[in-house]
Amino acid sequence: MQDLNDNALMLKVKNGDLDKLGLLYERHKKRLFGFFYNMGNTPSVSEDLVQNVFVRMLKYKSSYTGEGLFAAWMFRMARNVNYDHHKMSSKKRTVDGMVPEDMLATVQDEDSQMESNEDTLQLNKALSRLPTDKREVLVMSKLRELRFKEIGEVLGCTEGAAKVRVHRALKDLREIYLQMETV
C-alpha cells in the first residue's frame, strides 16, 4: 500500500476503505502539525487540529474528486480548521471576559526553550506580526515547502497569484524584521 499515491488512497477512502485514512495520517501528520504550529498554535493544540483535519476528511470524503493534488485539498481543510479554531477561541475568550490577543502571543512559553537561536526567535516574532493571510502563505511556501501550484489550489488562485502573494509576504516580513532589529 505504500506505493499508492495520496490521491489513490483518498479515493479508496471515499469508496469506503476507511483504513486507508490511517496511511494518509501517517504520511501527513508531521506536515500538518508543522503548519498549525507555525500558524501560532501550541503543540497540544496543533496535535488536536491535526486530528480535526482527518475527522473532516472523513466527514467530507464525498467532496474529494481526485482532481488536483491531495495536499492542496488537505491544506484547504487545514486552513478551515485553523480558522474555525481561532474563531471559536476568540469567541470563548470574549465570553469569558478576556480580550483576544494576537494568535502567537502565547506560543513562546515553555516551547521557547526549544528555540535557543536568537535570530530564530526574532524571525518568529516578526512572523507573528504579519497578518494571518500573509503568515499562512509563508508557512505553506517556506516551512511546509508546498509548490506555488499547490498553494494556488489551496488559496483558490492561480500559480502566478500564489507567487505574488508569497513575494509580498516575504517583503513585509523583511520590513518587520528589519524594523525590529533597529529597535
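A residue is called buried when its relative accessible area is under 20%, exposed when this is over 50%, and partly exposed in between, with a 1.4 Å probe and protein chains only. This is a predicted model, in which local features need pLDDT of at least 70 and side-chain atom pairs count only at pLDDT 80 or more, while totals for chains, interfaces and linings use all residues. Residues are numbered from 1 along each chain as its sequence is written, and side-chain values use heavy atoms, leaving out hydrogens and water.

Helices here are DSSP runs of H or I with at least four residues, numbered from the N terminus. Helix 2 covers residues 20–38, and its end C-alpha atoms lie 27 Å apart, which agrees with the 27 Å that its 19 residues should span at 1.5 Å a residue, the expected span being 1.5 Å times one less than the number of residues. Among the buried residues of helix 2 are Leu21, Leu24, His28 and Leu32.

The structure holds 7 aromatic pairs, where rings of Phe, Tyr and Trp (its six-membered ring) pair if their centres lie within 6.5 Å, and planes under 30 degrees apart count as stacked, over 60 as edge-to-face and the rest as tilted. Two of these pairs are set out below.

| Pair | Centres | Planes | Type |
|---|---|---|---|
| Tyr25 and Phe54 | 5.1 Å | 75° | edge-to-face |
| Phe35 and Phe36 | 5.4 Å | 65° | edge-to-face |

Tyr25 lies in helix 2 and Phe54 in helix 3 (residues 43–59), so their pair ties together parts that are 29 residues apart in sequence. Tyr25 is partly exposed at 23% relative accessible area, whereas Phe54 is buried at 6%. Phe35 and Phe36 form one aromatic cluster with Phe75.

How values were computed: Helix = DSSP H or I, 4+ residues; strand = E, 2+ residues; numbered from the N terminus.
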